[in-house]
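This briefing covers a sheet, a helix pair and some backbone details. Please have the sequence and the 3D view open while reading.

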Amino acid sequence: MFPSFLPVPRIPSETSVPVLRWGIIGPGWIAEHFARALKEHTGQHLVAVSGRNRVKAQAFAERWAIPSVFSNPDEMLAVDDLDAIYIATPHNHHFPDGMKVLSAGKHVLIEKPLALNAREGATLQALAREKSLLCMEGMWCDFTPKYDVLRQLLTDGVLGDVHTLTADHGEFFTQDHRIFNADLAGGPMLDLGSYLVSLSVMVAGAPVRVQSSGQPAQGNVNGQASMLFEHASGMHSVLNTTLFSNTPGGAVIAGRDATLVLAGQFYAPGGFVLTSSQGNHSLFWEEPANRYTQLYHEIQHFSWCVGQGLNDSPVRPLSTSLMTLTAMDKVRGQLGIVFNEERGSV
């Protein structure tokens, strides 16, 4: 039966979220958004930052009133009064930086992707378990109210049997952008495609069959990938990501009883429409398109997990991150995409 109203997002109460002392490794573009969200929308304390460029790290610290600045992450990790570290370095640094943080006995939030591949991700998972520490991938959309409502609709079976998911994510980048740099694990898959694959895994689990087609770009990186996933439930995911052009960036989750349309960019704050298959009933989710402001939800959730003594997130457990990485590994295998760090090891 089509619902008369949408579920209410489940957000942890402020009183259940402990105040952690945070450090950042990698004071770049996404770290700026992270710091703003933390400072302006949470009660968390940002107390340290580490960056290879000392001048850049110092300027970052001054903008966000961060008392301690380091040019070497090992020096920062030796500090006792740090509870959690946010890793915002380039993709191919996520794994080694994550291992350093866990080895130093700190909880770690790793900006997506968790790692370059499932093998690295599983190694992080094993060390986090050994150390009894929280390791979580910062797939920020998963922690937003919109995605919580979406998960509730799927769990409640409102859409009926879901047969089709379609989604795209394409953006235009100038040739000097790091996404064209093979030395930084460039290409759209880890940047843009991870949102697509993650959505399909959230809706229907790991794909049981993967078919892919790709197109190269300059700089010896992949420029475009189209993917067809078949899931155990029978659902097909039709996904495209490109770094050549801006695309609408929407997503459709189509079930037997209802269809859910997420306007582009589907992963970002914004609206969606749930419509019955007969077309006679619709429900609308509306929210401000305040984009990276909503990073504070993942910060709050991570801190809540620490307060609850959890070593894995119930919203985005590492098993889900590994399913996403495994699916992307299969796509890359079919397209011949090998990152520099993988050569000779996989």
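**Briefing**

Pro 113 is found in the loop between β5 (107-111) and α5 (118-131). Helices (H or I, at least four residues) and strands (E, at least two) are DSSP runs, numbered from the N terminus. The model is predicted, so local features need pLDDT of at least 70 and side-chain atom pairs count only at pLDDT 80 or more, while totals for chains, interfaces and linings use all residues. Residues are numbered from 1 along each chain as its sequence is written, and side-chain values use heavy atoms, with hydrogens and water left out.

**Backbone details**

- Most residues other than glycine have a negative phi, and most peptide bonds are trans.
- The peptide bond from Lys 112 to Pro 113 is cis, with omega near 0°.
- A cis peptide bond also runs from Gly 264 to Gln 265, with omega near -10°; Gln 265 lies in the loop between β12 (258-262) and β13 (272-276).
- Ala 65, not a glycine, has a positive phi of about 55°. Ala 65 sits in the loop between α2 (54-63) and β3 and is exposed, with a relative accessible area of 57%.
- Ser 132 has a positive phi near 55° and lies in the loop between α5 and β6 (135-138). Its relative accessibility of 45% makes Ser 132 partly exposed (buried means under 20% relative accessible area, exposed over 50%, partly exposed in between, with a 1.4 Å probe and protein chains only).

**The sheet**

- Eight strands form an open sheet with mixed pairing, in the order β8-β9-β10-β7-β11-β12-β13-β14 (two strands pair if DSSP finds at least two bridges between them).
- β8 (207-217) and β14 (282-285) are at the edges with a single partner strand each, so one side of each has no neighbour in the sheet.
- Strands β7 (residues 162-170) and β10 (residues 236-242) pair in the parallel sense over seven bridges; Leu 165 has Ser 237 in β10 as its bridge partner.

- Helix α9 (residues 318-335) lies across β8 and β9 (221-231), at about 50° to β8 (axes are lines fitted to C-alpha atoms, for helices over the stretch in contact, and angles run from 0 to 180 degrees between N-to-C directions; contact means heavy atoms within 4.5 Å).
- Helix α7 (residues 188-204) packs against α9 at an angle of about 120°, with the axes 9 Å apart.
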